[in-house]
Amino acid sequence: MIGQKQGQEEIDLLEIIRPGVQSSIQDLGRPGYGRFGIPPAGAMDPWSLQVTNALLGNPAGAAAVEMTLAGVKARCLAPSVVALGGGEGEYFLNGQRVAPWQSLALSPGDMLDVGGISRGCRVYLGVHGGIEVPVVLGSRSTYLPASLGGKEGRALRRGDILRGHPCEEKHISRRLLPSLRPVLADKAELRVLRGLHAAFFPAEEWERFLASDYTVTPRSNRMGCRLAGEAVKARSAGNLISDALVTGAIQVPPDGEPIILGVDRQTTGGYPVIAALVTADLAKVGQLPPGQIVRFRAISLAEAQELKEKQAKFLRSLSLWGKETFICGR
């Protein structure tokens, strides 16, 4: 089970006044059920979720609200500490603009308004102690296609009440140093390794894949990020026998336009996988809005492993409040 406070009283914390666009409860997902056809789900940007939780003193996988393109408006029902992390936009507390990547103390009646996301695609709203919803297969994450987990297996609606635990600790404001926040560039570079079926693509098609700029289309969602641009063709026009898939695999359907598989992906598929994102770049896919320009860069397995360990080391360091990673104060 993803860690949250256990055995403590649950109370109403936030009332949803405006649900935003497909806002849902997510944690770090439910890996290990692919053999049953159940994908991991979870946060599309797990890096931002974990940092948001660290700002609140939560376990890395505590459940939070994931908002896409436009966020929620919520009324505080009990003393709470919250934090926002992810994309850039206009965020307000009682009509006053507030910045992401910091913890905020809320009192009953306070109104938190997460407006449109101007750069990036997703923002996470975490609360001290985590959001409480039933645990399904070891996770609180919402898998929308199967109405599984989260708030009754669905996106949030107006009038929903988010429950959690009383905030009993003195609030010490925490924020992430600007130099450590993710850079949301106009052109996103995604690092990849050769995929399971890379041999199906001639050398010139692999080079075309790496040399081309692709645009994220409005058809993208949590299942997959669909790209428009230079078509890449496999040697065989026919589909493969279905094979196992992973988050970050890049499939090439018959039209030649790549699809980056997200956390709600299917567990098997018959389109050839030309490449796979390195683990350290999986979070970037969660911040790709429609219209974003994407380019791929191939790196070695050793480089990918080094990047993964570097990112994991940073995330492990987030509990060390005395380090320079965070500025703490009243």
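**A helix pair and a strand**

A: This is a predicted model. Start with two helices. The axes of helix H1 (residues 46-55) and helix H4 (residues 301-316) come within 10 Å. These axes cross at roughly 20 degrees. Two packed helices are described by just such terms: the angle between their axes and the distance between the axes. Angles under 35 degrees count as roughly parallel. H1 and H4 are therefore roughly parallel to each other. The crossing of H1 past H4 is left-handed.

Now look at the side of each helix that takes part. H1 brings Trp47, Gln50 and Val51. H4 meets them with Gln311, Phe314 and Leu315. Sort the residues of this contact by class, and four are nonpolar and two are polar.

Next, turn to strand S18, which covers residues 273-277. Of its five residues, four are buried, so S18 is largely enclosed by the rest of the structure. Buried here means under 20% relative accessible area.

Which strands pair with S18? One of them is strand S11 (residues 187-194), joined to S18 by three bridges. S11 and S18 run antiparallel. To find this pairing in the model, look for valine 192, which stands opposite leucine 277 in S18.

Strand S15 (residues 249-251) is also joined to S18 by three bridges. S15 and S18 run antiparallel.

Note on methods
Residues are numbered from 1 along each chain as its sequence is written. This is a predicted model: local features need pLDDT of at least 70, side-chain atom pairs count only at pLDDT 80 or more; totals for chains, interfaces and linings use all residues. Side-chain values use heavy atoms; hydrogens and water are left out. Axes are lines fitted to C-alpha atoms, for helices over the stretch in contact, and angles run from 0 to 180 degrees between N-to-C directions. Angles under 35 degrees count as roughly parallel, over 145 as roughly antiparallel, 65 to 115 as roughly perpendicular and the rest as oblique. A crossing is left-handed if the near helix is turned anticlockwise from the far one by less than a right angle, and right-handed if clockwise. Contact means heavy atoms within 4.5 Å. Ala, Val, Leu, Ile, Met, Phe, Trp, Tyr, Cys and Pro count as nonpolar, Asp, Glu, Lys and Arg as charged, and the others, Gly among them, as polar. Buried means under 20% relative accessible area, exposed over 50%, partly exposed in between (1.4 Å probe, protein chains only). Two strands pair if DSSP finds at least two bridges between them.
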